[in-house]
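Q: Could we go through this model together, feature by feature, with the general idea before each case?

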Amino acid sequence: MTGLLGYLRSLFQPDMMVTGLKVSAVVGTALFVINHGAALMQRKMDRGRWISAGLTYLVPYLVSVHGQYASETRKKK
């Protein structure tokens with residue numbers, strides 16, 4: 001299945017999840033330290049910052065799975 005629905009389903013495919021989670025852990029942590037490290041050390045993490053921090057990990061996951069999905073879709077053509 002291709003398109004948006006296919007991509008959404010791929011977000012929960014175990015083989016894509018493993019790679020996505022690894023990318024999210026590495027890239028998300030680097031971005032977290034860059035964007036929120038000082039606030040964390042100064043104990044200035046408020047609710048808004050924690051939401052932003054969550055997105056800091058979510059976005060690399062979504063991008064990684066999208067790349068994997070796009071690659072698999074191209075291979076099938």
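Q: How many of the residues of the protein count as buried?
A: Buried means under 20% relative accessible area, exposed over 50%, and partly exposed in between (1.4 Å probe, protein chains only); by that rule 30% of the 77 residues of the protein count as buried. This is a predicted model, in which local features need pLDDT of at least 70 and side-chain atom pairs count only at pLDDT 80 or more, while totals for chains, interfaces and linings use all residues. Residues are numbered from 1 along each chain as its sequence is written, and side-chain values use heavy atoms, with hydrogens and water left out.

Q: What does the secondary structure of the protein come to?
A: Helices (H or I, at least four residues) and strands (E, at least two) are DSSP runs, numbered from the N terminus. The protein has three helices and zero strands, in the pattern α-α-α along the sequence.

Q: What span should α3 have, at 1.5 Å a residue?
A: The expected span is 1.5 Å times one less than the number of residues in the helix. For the 30 residues of α3 that gives 44 Å, and the end C-alpha atoms are 44 Å apart, which agrees.

Q: Which residues of α3 are buried, and what covers them?
A: An α-helix has 3.6 residues a turn, so residues three or four places apart point the same way. In α3 the buried residues include Ala53, Thr56, Pro60, Tyr61, Ser64, Val65 and Gln68, and their cover includes α1 (3-10) and α2 (14-41).

Q: Is Ser64 buried or exposed, and which residues is Ser64 in contact with, leaving aside neighbours within four places in sequence?
A: Contact means heavy atoms within 4.5 Å. Ser64, which lies in helix α3 (residues 47-76), counts as buried because its relative accessibility is 13%, and, with neighbours within four places in sequence left aside, Ser64 is in contact with Thr19, Gly20 and Val23.

Q: Which residues does Tyr61 touch, not counting those up to four places away in sequence?
A: Tyr61, also placed in helix α3, is buried, with a relative accessible area of 11%; beyond residues up to four places away in sequence, Tyr61 touches Leu11, Met17, Gly20, Leu21 and Ser24. Tyr61 and Leu4 are 57 residues apart in sequence, with their C-alpha atoms 16 Å apart in space.

Q: Is Val63 buried or exposed?
A: Val63, whose place is in helix α3, is exposed, because its relative accessible area is 55%.
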